[in-house]
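Dear colleague,

I am passing on the structure we spoke about, with the sequence alongside. Please open it first, and then read the notes below it.

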Amino acid sequence: MRMLAVVLGLFLTTTAQAQVVQSKGDFVDKFRQLDEVLPTPNVYRNAAGEPGYQYWQQQVDYVIEARLDEDKRRLTAEQRVTYHNNSPDTLKYLWLQLDQNIFKNDSMSELTNSFAGIGRRGPVTREAKGNEPAKLSFEELRRQQFMTDNELGYNIGKVTDSRGKTLRHIIVGTNMRIDLAAPLKPGQKTEFTLSYAYNIVEEDAVWARSGYEHFPNDAREGGNDIFLLAQWFPRLHAYTDYEAWTNKEFLGRGEFTLEFGNYDVSLDVPADHIVSSTGVLQNAEKILSKTQRQRLEQARSATRPLFVVTEEEALENEKEGTNKRKTWRFKADNVRDFAWASSRKFMWDAKGYKQGDDTIMAMSFYPKEGGDLWKKYSTEAVIHTMEVYSRFSFDYPYPVAQSVNGPVGGMEYPMITFNGPRTELRDDGTRTYTQGEKRFLIGVVIHEIGHIYFPMIVNSDERQWTWMDEGLNSFLDAVACREWDEDMPWGVEARDIVGYMKSTNQVPIMTQSDSVLNLGPNAYSKPTVALNILREVILGRELFDFAFKEFAQRWKFKRPTPADFFRTMEEASGVDLDWFWRGWFYTTDHVDISIDNVTQLRLDTLDPDIDFAREREFENDKPTPKFYLNNRAEKRDTWVNENQDVRDFYDDNDRFTVTNKERNAYREMLEGLKLWEREALERAVKEDQHYYVFEFSNHGGLVMPILLRLTYADGSVEDVNIPAEIWRRSPKAVKKMWVTEKALVSLEIDPHWETADINVDNNHFPRVIQPSRLEAFKYKRPSRSTKVWRDIMQDSKTELKTDEE
């Protein structure tokens, strides 16, 4: 009992000591260490940010047989799941994700989706404002009608164990708990079978991450569909060392965290469909023609993508349907998810990417609507992504990497991505695209293929920390995009987030996904810029690239947390970055560093004959008061000049006159100096350097290095990086002395706009005029747009047009 009391006392003492409180003054320690915030290192995750010596994670294997009913747009399937308990815990039940249940009218997502709310996921709605009524977009009307007219969500059939006995289960929103027949002990595995079916949503109608897209104008009677199937099967929730079951309700924004496993999936689809899928096709001899197999083999060594299914073949395939069916079988090892796409509209191109001794097949699947945009760039962008990402992480570990066009703007899964950009059919029969659409395609393919690395391999918890997959990936896709074409406006520079950084409508990056107010800037853009600053400004490329690659390789096929990333980056770079993580990831502070003043100083020689003369010169250089100038203009003389007979000593000697008393004092001072003091003074007097004091203030709260450009009188320019640590003991304002041989004429902070400083007006000394734009416009009185101002007398003469007109 006494020992327990001692241990408890030590715990309480340690806890009390950890509560650092600044109760006096207004000092804020921007460099306070993160130890009190980050979880304590343990045997699973060590202090260096590595997996600990007892690190574990679960494994889940799936054997799935699925059937796509094209006419009913319905999927039915049965899966056999093997769950490996590698944890030190005994499990009484398993939790599964039922993502399709988000589309039920009584789902938490639907019931809590606020009208005109901030961060709303889905079609636009607007609240009433002034005289403007509340508004529903046509897209929102369509969404409501689709969800009303269709029975959505899973129909769960049997749930049985390996002996065929029914397992008790309960559905809780988008989750399902299966109670095991017996507790699953550490090191054991269990097997169960689950059957299910659901109606596939129309992606354009409900704004989903998967679904079908209908093409009513195709030659085939009734049109054709593209099916993108993701979040399509009940998947095991992750069971982790830091949270146990990660069974948060799926609300649509926070994505997924899953377990790695092996998949054997058979997909029964119409015989004229082409299927793209996670994994490697196991029965190509039964599914593909001899010509298609030959083309696929030729593509392995091609210099440009080759067609496996040509445009002409795809167009011909669009014209007719079939009652026949084929079963495509795919296997995928060590993946955390499985997705696929199916359509008779697909053309299919491929090109091999040589990686060491391996050849990775980069492939794209797209309809005619993809046009030349997809033919030229999709597969090439897939390969470019692997080339760039592998430099920063590890070799691509899977045999295929695919880009599929469909209704989803951009989503990622192991070995397969969904990407949305299209061409536009013109009246002359050609298909064109804008620069924005080109940028969208290249950018989204790079981004989504990049996601195969983060988080499909470096398996972060997307539901909890969106930035760990979107932010890390967006940082690397920004590198890849700019290495693709530096003239394309990618929107990934520090200057591109200035508006967000100074807005009040934001939360810290570390906020849980479903509570983020503006997902794009918070999870994508801001982390991208932060990491780019860390690489280009703070650490430099050599240190950053080594540390980032170390993180990726440590956590390849494992599940990192933010603490693992922060600790690895510090441990591998050898630089204390707690101030950086705290400012950029744990606060909403912004960068606004001002150069408030520059004082020019000259070192006194202490020799009165020199210093007094300098003081006289300094005084004489001051502007002459207006009073004396006006008097001189009026030729008004002074009394002293007009009365020379009463002049005295002080009329010929001013306050700067040197006497022998000062000279003697100077000599005595020199004699009293130590040798090193005298040498230091003599050298400083001889060199006569220019001394300046720079005064900076931090208006934004976010401490950052001060990037200075110094322009000298001789026209030369010098760039200086003052580390962020200058703010350590004075985070609001600091002064810096600068000593130089040359005279300084101007200073500029952050000349390349690298730090997302929100106000460049105060970045110059002396201040400079900032250019901007002024646009002329034609003013319309608002009242003229109301109904009472319509000219009904004239409008009533209008004839009604016929349908043909």
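Predicted model: local features only at pLDDT ≥ 70, side-chain atom pairs only at ≥ 80, totals over all residues.

Which side chain meets that of Asp 652 in a salt bridge? The partner is Arg 647, and the N to O distance of the pair is 3.1 Å.

**Salt bridges**

Asp 652 counts as exposed, since its relative accessibility is 59%, whereas Arg 647, at 30% relative accessibility, counts as partly exposed. The count of salt bridges comes to 58, and a few others deserve a description here.

The side chains of Glu 571 and Arg 554 meet in a salt bridge with an N to O distance of 2.8 Å. This pair links distant parts of the chain, with Glu 571 in helix 14 (residues 562-573) and Arg 554 in helix 13 (residues 541-554), 17 residues apart. Arg 554 has a relative accessible area of 11% and is therefore buried, the cut-off being under 20%, while Glu 571, at 44% relative accessibility, counts as partly exposed.

Asp 714 forms a salt bridge with Lys 742, and here the closest N and O atoms are 3.9 Å apart. This pair, too, links distant parts of the chain, for Asp 714 belongs to the loop between strand 30 (706-712) and strand 31 (717-722), Lys 742 belongs to the loop between strand 32 (733-740) and strand 33 (744-749), and the two are 28 residues apart. Asp 714 counts as exposed because its relative accessibility is 52%, and Lys 742, with 32%, counts as partly exposed.

There is also a network of salt bridges, in which Asp 218, Glu 318, Lys 345, Lys 368 and Glu 369 are linked.

The largest pocket holds about 1,200 Å³ of space. It is lined by 46 residues, of which Gly 410, Phe 440, Glu 448, Gly 520 and Tyr 524 are the closest to its centre. The elements that give two or more residues to this lining are helix 4 (203-206), strand 24 (410-413), helix 9 (435-453), helix 10 (466-484) and helix 12 (519-539). Helix 9 provides the largest share of the lining, seven residues. Sorted by class, the lining of the largest pocket has 16 nonpolar, 15 polar and 15 charged residues.

The second largest pocket has a volume of about 600 Å³. Of the 29 residues that line the second largest pocket, those closest to its centre are Ser 109, Arg 121, Leu 251, Gly 252 and Arg 253. Helix 2 (108-111) and helix 3 each contribute at least two residues to this lining, which divides into ten nonpolar, eleven polar and eight charged residues.

**A nonpolar surface patch**

On the surface, Phe 115, Leu 136, Phe 138 and Leu 141 form a nonpolar patch, and together they have about 420 Å² of accessible area. One of these residues, Phe 138, is placed in helix 3 (residues 138-149), and with a relative accessibility of 73% Phe 138 counts as exposed, the cut-off being over 50%.

**Backbone details to check**

The bond from Phe 454 to Pro 455 is cis, with omega near 15°, and Pro 455 is found in the loop between helix 9 and helix 10. The bond from Phe 765 to Pro 766 is likewise cis, with omega near -5°, and Pro 766 has its place in the loop between strand 34 (764-765) and helix 21 (792-795).

Positive phi angles at residues other than glycine are also on my list. Arg 73, although not a glycine, has a positive phi of about 50°, and Arg 73 is located in the loop between strand 1 (59-69) and strand 2 (74-84). Asn 334, again not a glycine, has a positive phi of about 55°. Asn 334 is placed in strand 19 (residues 325-335), and its relative accessible area of 31% makes Asn 334 partly exposed.

**One further residue**

Lys 248 lies in the loop between strand 14 (244-245) and strand 15 (261-270), and at 27% relative accessibility Lys 248 counts as partly exposed.

With best wishes

Technical notes
Residues numbered from 1 in each chain as written. Heavy atoms only, no water. Patch = residues over 30% accessible without salt bridge, like charges linked within 9 Å, V, L, I, M, F, W, Y side chains within 5 Å. Areas by Shrake-Rupley, 256 points an atom, 1.4 Å probe, with all protein chains shown as cover. Salt bridge = Lys/Arg side-chain N within 4 Å of Asp/Glu carboxyl O. Helix = DSSP H or I, 4+ residues; strand = E, 2+ residues; numbered from the N terminus. Buried < 20%, exposed > 50% of the residue type's maximum accessible area, 1.4 Å probe, protein only. 1 Å grid on protein atoms, 1.4 Å probe; cavity = no way out; pocket = protein on both sides within 12 Å on 5 of 7 lines; lining within 4 Å. Points joined across faces, edges and corners; volume = space filled by probe spheres on them. Nonpolar A, V, L, I, M, F, W, Y, C, P; charged D, E, K, R; others polar.
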